[in-house]
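Me: I've got a model open and I'd like to talk through its packing and backbone. Can you take my questions one by one?

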Amino acid sequence: YMLVNIGGFLGPPLAHFLYGISWPAVFYGCAAIVSLNFLMLLTYTDPHAGGEQTGGPLHILKLTAKNLMNARLTVFILIMSGFWLMLMQLFDMMPNFVVDWVDSSKLATDLNLPNWMLQYNTERGTQVAQEWLLNANGGLIVISVLFVSMLVARMRRVISISVGTAVASLGLLLAGFTTSGYFCLAGILVFSVGEMLASPKMNDYLGVIAPAGQKGLYMGYANIPWAIGWGIGSFWAGSVYDKLGDKANLALRYLSDNFQIIGIERTDAMNKLMEVTGMNASDATNLLWDIYDPYKLWYRFAAVGIISAIAMIFYARWVKQHGTADA
């Protein structure tokens, strides 16, 4: 898990650098890095898998369908889908929120950050680049996941997942509750602690409940809640942010409601708002924040996380009654 987050930590700054060249450079650069895996395959020796090695893809598909009839596995997958739906909004929706609303100028000054970690914003001056602000997540995990894992080593897996999901949900709320860069950073760090408590334990749990010879198959099932949660969350978050959080759209809404001005291009919305109100960019942003409360968009995603955490508590009691207290 630490190694995965080393990649997660290095990726955003690289993308930020490539974006300074051009958008196509970001995608070409990512494709080139992914292609390095083909070279690594030449050094990889396939270990003995153990367990049953008979049957083709159709056999595995039938076995998977049979396993998903196991209520304990299916309920766990559904609960963890809620966790991933909530979790991925830090990476999918928070970057937009940071660019639109968060003022990290004081954070950049107080920490005396180098220029390559900063980005100039026409409305709020020099800011911490959103890639580096969110990178506090990967950075904290890299340096502390082993320590956190030691602390919770004796904690039941489902309890660790439940507590972690709740903590991550609260961190998401904290990160988006104000326009303060300090609060956003604090929320990201709290979120990261919750992620460390929940995510590794999820994979661990699937390995524990796997029948003999099917541990690899069950570990693969960890991608099912990720796919469900991230897939649904992407469609939902896009719609929610478009209506409740996108600053340009809120500016268009304000112009229509208060000045009956319509037909303005989205990219010109803030300039038009400043023109008709006589405000500067910062005051216009604060006006929209105070009227439309875009921070409330985080409530529904944090609620999904809290519901998942509560569901996991009941799930823990249920599996304990069925003789799986070690989980």
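Me: Is Cys184 buried or exposed?
Reply: This is a predicted model, where local features need pLDDT of at least 70, side-chain atom pairs count only at pLDDT 80 or more, and totals for chains, interfaces and linings use all residues. Residues are numbered from 1 along each chain as its sequence is written, and side-chain values use heavy atoms, with hydrogens and water left out. Buried means under 20% relative accessible area, exposed over 50%, and partly exposed in between (1.4 Å probe, protein chains only). Cys184 has a relative accessible area of 0%, so the label is buried.

Me: And which class does Cys30 fall in?
Reply: Cys30 has a relative accessible area of 41%. That class covers values between the buried and exposed cut-offs. So Cys30 is partly exposed.

Me: How many disulfides does the count come to?
Reply: A disulfide is a covalent bond between the sulfur atoms of two cysteines. The rule here asks for a pair of cysteine sulfur atoms within 2.5 Å. By that rule, the count is zero.

Me: Which residues touch the most other members of the largest nonpolar core?
Reply: A nonpolar core is a set of buried Ala, Val, Leu, Ile, Met, Phe, Trp, Tyr and Cys residues joined through side-chain atoms within 4.5 Å. The largest one has 71 residues, and the ones touching the most other members are Phe76, Met94, Phe97 and Leu133.

Me: Which helix gives the most to this core?
Reply: Helices here are DSSP runs (H or I, at least four residues), as strands are (E, at least two), numbered from the N terminus. The top contributor spans residues 71-87 and gives ten residues, and that's helix H4.

Me: What does Leu133 touch, leaving out residues up to four places away in sequence?
Reply: Contact means heavy atoms within 4.5 Å. With those sequence neighbours not counted, the list for Leu133 is Val98, Val102, Leu107, Val128, Cys184, Leu185 and Ile188.

Me: Where does helix H12 bend?
Reply: The bend at a residue is the angle between axes fitted to the seven residues ending there and the seven starting there. The buried residues of H12 pack against H4, H5, H6, H10, H13 and H16. H12 covers residues 223-245 and bends by about 25° at Ser234.

Me: Is Asn112 buried or exposed?
Reply: Asn112 is in the loop between helix H7 (105-110) and strand E1 (118-121). Its phi is near 50°, a positive value in a residue other than glycine. Relative accessibility is 67%, so Asn112 counts as exposed.
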